[in-house]
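This report describes how the parts of one protein chain are arranged. Please keep the sequence and the structure in view while reading.

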Amino acid sequence: MEDNESNCLRELIRILVRDLGILEKSDSNCHGVTISQCHAIVEIGRTNEISLNELAKILNLDKSTMSRTINKLVDDDLAVRESHPEDRRYIVIKLTDKGLRLFKTIEENMTNYYKEIFISIPEDKREQVLDSLKILIDVIHGHKCC
């Protein structure tokens with residue numbers, strides 16, 4: 001029985017990841033930037049500034065891939081690299097005004113999209129869905145979230 005249930009879990013997560021990936025690939029949500037750039041913009045925007053290493057760790061990307069992503073954001077005037085005021089060797093990444101506007105647009109669009117999904121869940125099941133997702137994330141990451 002456990003094999004059938006774990007296979008069902010695998011299939012449901014595969015479908016969820018696939019469908020969310022399709023959502024993220026749509027230009028209406030990432031506004032002309034790649035998915036990697038979109039994720040980077042969101043993480044930088046949420047922290048205001050972050051190091052390349054921290055960002056690579058959060059996004060589970062190697063440092064060279066993250067560096068190429070940031071280079072493109074810098075080239076497109078969406079982000080800047082700045083030396084940390086207390087340690088000139090430590091470089092932080094921040095969004096430019098243009099990058100902040102894009103971040104806010106992405107956040108607003110995704111908030112609206114997920115709000116529509118959430119209100120489509122039967123009201124008496126919403127808390128159950130959130131609790132189940134939190135448990136799943138906790139198990140995968142080995143720590144608490146949210």
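## The sheet

Strand β1 is joined to strand β3 (residues 91–95) by two bridges, and the two strands run antiparallel. Within this pairing, Ile50 has Ile93 of β3 as its bridge partner. Strands count as paired if DSSP finds at least two bridges between them. Strands of a sheet pair through backbone hydrogen bonds, either parallel or antiparallel.

The three strands form an open sheet in the order β1-β3-β2, with antiparallel pairing. Its edge strands are β1 (50–51) and β2 (79–83), each of which pairs on one side only.

## Basis of the description

The model is predicted, so local features need pLDDT of at least 70 and side-chain atom pairs count only at pLDDT 80 or more, while totals for chains, interfaces and linings use all residues. Residues are numbered from 1 along each chain as its sequence is written, and side-chain values use heavy atoms, with hydrogens and water left out.

## The chain as a whole

The protein chain has seven helices and three strands. Helices (H or I, at least four residues) and strands (E, at least two) are DSSP runs, numbered from the N terminus. Along the sequence, the pattern is α-α-α-β-α-α-β-β-α-α.

The C-alpha trace spans about 55 × 30 × 25 Å along its principal axes. Of the 146 residues, 26% count as buried; buried means under 20% relative accessible area, exposed over 50%, and partly exposed in between (1.4 Å probe, protein chains only). Among contacts with a separation of 6 or more, 45% are between residues 24 or more positions apart. A contact means heavy atoms within 4.5 Å.

Helix α3 (residues 35–47) lies across β1 and β3, running at about 100° to β3. Axes are lines fitted to C-alpha atoms, for helices over the stretch in contact, and angles run from 0 to 180 degrees between N-to-C directions.

Helix α3 also packs against helix α6 (residues 97–120) at an angle of about 100°, with the axes 9 Å apart. This makes α3 roughly perpendicular to α6 (under 35 degrees is roughly parallel, over 145 roughly antiparallel, 65 to 115 roughly perpendicular, and the rest oblique). Cys38, Ile41, Val42, Gly45 and Arg46 of α3 meet Gly99, Leu102, Phe103, Ile106 and Glu107 of α6. By class, this contact of α3 with α6 has six nonpolar, two polar and two charged residues. Ala, Val, Leu, Ile, Met, Phe, Trp, Tyr, Cys and Pro count as nonpolar, Asp, Glu, Lys and Arg as charged, and the others, Gly among them, as polar.

With helix α5 (residues 63–75), α3 packs at about 80°, the axes being 10 Å apart. The two helices are therefore roughly perpendicular to each other. The contact involves Ser36, Gln37, Ala40, Ile41 and Ile44 of α3 and Met66, Thr69, Ile70, Lys72 and Leu73 of α5.

## Leu59

Leu59 belongs to helix α4 (residues 52–59) and is buried, with a relative accessible area of 18%. Apart from neighbours within four places in sequence, Leu59 is in contact with His39, Ala40, Glu43 and Met66.

## An aromatic pair

Rings of Phe, Tyr and Trp (its six-membered ring) pair if their centres lie within 6.5 Å; planes under 30 degrees apart count as stacked, over 60 as edge-to-face and the rest as tilted. By this rule there is one aromatic pair. Tyr113 and Tyr114 form this edge-to-face pair, 5.3 Å centre to centre with 90° between the planes. Tyr113 is partly exposed at 33% relative accessible area, and Tyr114 is partly exposed at 34%.
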